[in-house]
Amino acid sequence: MAQFYSETVMEHFTNPRNVGEIEDADGIGEIGNAKCGDIMKMYIKVRDNRIVDVKFKTFGCGSAIAASSIATEMIKGKTIEEALKLTNKQVVEALGGLPPHKIHCSVLAEQSIKAAVADYYKRNGIDPTPIVGKLPDPHGEGHGI
Amino acid sequence: MSRMIYVDNAATTRIYPEVLDKMMPFLTDQYGNPSSLYSFGQYARQAVDEARDTVAECLNCRSDEVYFTSGGSESDNWAIRMAAHLMADKGKKHIISTAIEHHAVLHTLKALEKQGFEVTLLPVGQNGIVSAKDVRDAIRDDTALVTVMFANNEIGTIQPIAEIGEICREKGVWFHTDAVQAVGHIPVDFAKMNIDMLSLSAHKFHGPKGVGALIIRRGIRFPSFIEGGAQEKGRRAGTENTAGIVGLAHALKLSCERMEKTIPSLAAMRDRLITGILNTVERTRLNGDPVNRLPGNANFSFEGIEGESLLLLLDFKGICASSGSACTSGSLDPSHVLLALGLPHAIAHGSLRITLSDENTDEDIDTLLSEIPPIISRLRSMSPVWEKIQKGEDYE
């Protein structure tokens, strides 16, 4: 079948990894808004500074779902610091490329992880801004890109 | 993959085999140029003339009012630009249209605005229909043109064309209609509806791609759109696309002959689909008017999901459909048509357009009714928006 997306994107879209919620999550991050057509919500469970579990829920196109799925795989089992180093470019590469107007999906994936980590820091009384940087308001306009 | 179910007939249609048969001689042995004097060329000339007569008969216009073009977009561009510039010479630089036109019209109007024209885009009601009274009220002394589509390509709503035609004729304002989605699908009467210019495209009614027509009422003295030859009475130069023109005419003839049967049978399939989906999938709405809509058009919005992922999952099941979501348009905004209905962005992103033709069957509807609901559930189960809806939270 001729396809608009790479095989990896289609594979992650059809069999997304780590879909769902974590009831007792240690950090939850949400990026994007329904107006623009993409929302990503990440839940992380942290033990000894390590992301031991991660789940996501995404409202969005095929590449948004695939980017969320692959990003959860890329940070699962990693330390917080390692997870924060994940860039949207790495997500695009791991997906075998994205069409130009879909690059923002990978940015949402990177940002939603950062937002979940920021939430984790906040819950532990640490100001996340110096570590994570400024993240776009999930209820504001645009994707912050 | 199992059998393909093609339900995107507003995008394009399959050429009728009988149409292809009529075209084939002109793609093979009968390759003469209709402008050539010898009989080999005149055979092609005759075919083009006959095609013009057929189109005129189907639409109740005169043969000399039919100008063949490359398709709907060209016809829209030609009609609007020429009318605007002719009228500008008389100091009339105001154009009236609607918020739900095809981009071939909207973008042409945008370009004219940059050239100093003033454009009034009338709103539509929640049902996607423009009010004829609004058209009347918008007409000014300097109105050059009214352009209102016959039927909408996304939500299938049929506009009050006869009423608008009557108003425009009474007011002495030219009236163009983009009838690309209507011709061959529902009755269109050029003379009786007081239309001055009408655009149509062959591939929307089982004809070939790359050929259309602009019908221009006799008496409107248009300058030529393409210079360089005497074709189409010197107004649109270029060697005629003989095969395409013959195909257009035959497809239109067949579509019009079959219309009496197609309209009720498509409407029955459409209504069964609409009822079935609305009854089984919660938080779903039908976009457009339930009655005044094209017989083959159904357009839904499913809350909590995004249209592109829906299309991809339908594609896995061999179902070809379309959506007004931003992701399918390449921009961040969903369809301007759905937004014009007053739909919130989030709901407009979750739209699905199903457009049937006489080649679809009751089994196709059965398949759609069994395949669509589980796909919606699957996408909703991974959607944070659906989660918010379930909790009764605001998500817009």
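Reader: To which strand of chain B does helix H6 (residues 161-171) run at about 160°?

Author: This is a predicted model, where local features need pLDDT of at least 70, side-chain atom pairs count only at pLDDT 80 or more, and totals for chains, interfaces and linings use all residues. Residues are numbered from 1 along each chain as its sequence is written, while chains are lettered from A and ligands numbered from 1 in the order in which they are written. Helices (H or I, at least four residues) and strands (E, at least two) are DSSP runs numbered from the N terminus, and angles run from 0 to 180 degrees between N-to-C directions of lines fitted to C-alpha atoms, for helices over the stretch in contact. H6(B) lies across strand E5 (143-147) and strand E6 (174-178) of chain B, and the strand at about 160° is E6(B).

Reader: Which strands stand at the edges of the seven-stranded sheet of chain B?

Author: The sheet is open and mixed in pairing, with the order E2-E8-E7-E6-E5-E3-E4; two strands pair if DSSP finds at least two bridges between them. An edge strand here has a single partner, so one side of it is left without a neighbour in the sheet. The strands in that position are E2 (66-69) and E4 (118-122) of chain B.

Reader: What is the bridge partner of Ser97(B) in E4(B)?

Author: Strand E3 (residues 94-98) of chain B runs parallel to E4(B), joined by five bridges. In E4(B), the partner of Ser97(B) is Leu121(B).

Reader: In chain A, what is the bridge partner of Glu30(A) in E2(A)?

Author: Chain A has an open antiparallel sheet of three strands, in the order E1-E2-E3. E1(A) and strand E2 (residues 38-47) of chain A pair over seven bridges in the antiparallel sense. Within E2(A), Glu30(A) is partnered by Lys41(A).

Reader: At about what angle does helix H2 (residues 62-75) of chain A run to E3(A)?

Author: H2(A) lies across E2 and E3 of chain A, in contact as judged by C-beta atoms, placed from the backbone, within 7 Å. Its angle to E3(A) is about 175°.

Reader: Which element gives the most to the side of domain 1 of chain B that touches domain 2 of chain B?

Author: An automatic or database domain assignment divides chain B into domain 1 (5-12 + 259-390) and domain 2 (17-255). The contact takes 21 residues from domain 1 of chain B and 22 residues from domain 2 of chain B. On the domain 1 side, helix H7 (242-280), strand E10 (297-302) and helix H10 (336-340) of chain B each give two or more residues. With three residues, the element that gives the most is H10(B).

Methods. Two residues are in contact if their C-beta atoms, placed from the backbone, lie within 7 Å.
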